[in-house]
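Look over the sequence and the model below before reading on. The text starts with one pair of residues and then turns to the whole chain.

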Amino acid sequence: PTNWRLQNYMGGSGLVAWYTGSTCTNGLLSFSSAATSDDRNRFFSAVLSAKLSGKSIGVFYETVSGSCQITSFYLQQ
């Protein structure tokens with residue numbers, strides 16, 4: 001995720017990642033409205049940890065109405 005750009009919206013309304021290589025415009029990945037703040041916080045932490053350690057992240061997502069919504073993610077060993 002070296003080139004990923006995280007964007008956090010104020011008020012806890014969302015966290016998105018740009019330039020991830022996803023099939024959505026500009027590699028956009030986002031969370032559904034059902035995601036909890038803990039889900040978003042864990043994703044933010046995982047991406048930052050991967051950037052600092054030089055590791056990769058795996059992300060599973062579904063395309064819903066033209067947006068790529070994160071369903072699961074993991075830090076690769």
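How many residues apart in helix 1 are Asp 39 and Arg 42? They are 3 residues apart in this helix, which covers residues 37-53, so about one helical turn separates them. The model is a predicted one. In it, the side chains of Asp 39 and Arg 42 form a salt bridge, with a distance of 2.6 Å from N to O. A salt bridge here requires such a nitrogen and a carboxyl oxygen to lie within 4 Å. A search of the whole structure finds 1 salt bridge.

Are these two residues buried, exposed or partly exposed? Asp 39 has a relative accessibility of 23% and counts as partly exposed. Arg 42 is also partly exposed, at 47%. The class called partly exposed lies between the buried limit, under 20%, and the exposed limit, over 50%.

Now take the chain as a whole. Its secondary structure consists of 1 helix and 5 strands. Along the sequence the order is β-β-β-α-β-β. The radius of gyration is 12 Å, close to the 11 Å given by the globule rule for 77 residues, so the chain is as compact as a globular protein of that length. Along the principal axes, the C-alpha atoms fill a box of roughly 35 × 25 × 20 Å.

The remaining values concern burial, surface and contacts. Of the 77 residues, 31% count as buried. The chain exposes about 4,900 Å², and carbon and sulfur atoms supply 49% of that area. Among contacts between residues at least 6 apart in sequence, 39% join residues at least 24 apart.

Technical notes. Residues are numbered from 1 along each chain as its sequence is written. This is a predicted model: local features need pLDDT of at least 70, side-chain atom pairs count only at pLDDT 80 or more; totals for chains, interfaces and linings use all residues. Side-chain values use heavy atoms; hydrogens and water are left out. Helices (H or I, at least four residues) and strands (E, at least two) are DSSP runs, numbered from the N terminus. Buried means under 20% relative accessible area, exposed over 50%, partly exposed in between (1.4 Å probe, protein chains only). The radius of gyration is taken over C-alpha atoms; the globule rule is 2.2 Å times the number of residues to the power 0.38. Contact means heavy atoms within 4.5 Å. Accessible areas come from the Shrake-Rupley method with a 1.4 Å probe; for residues, only the protein chains shown count as cover.
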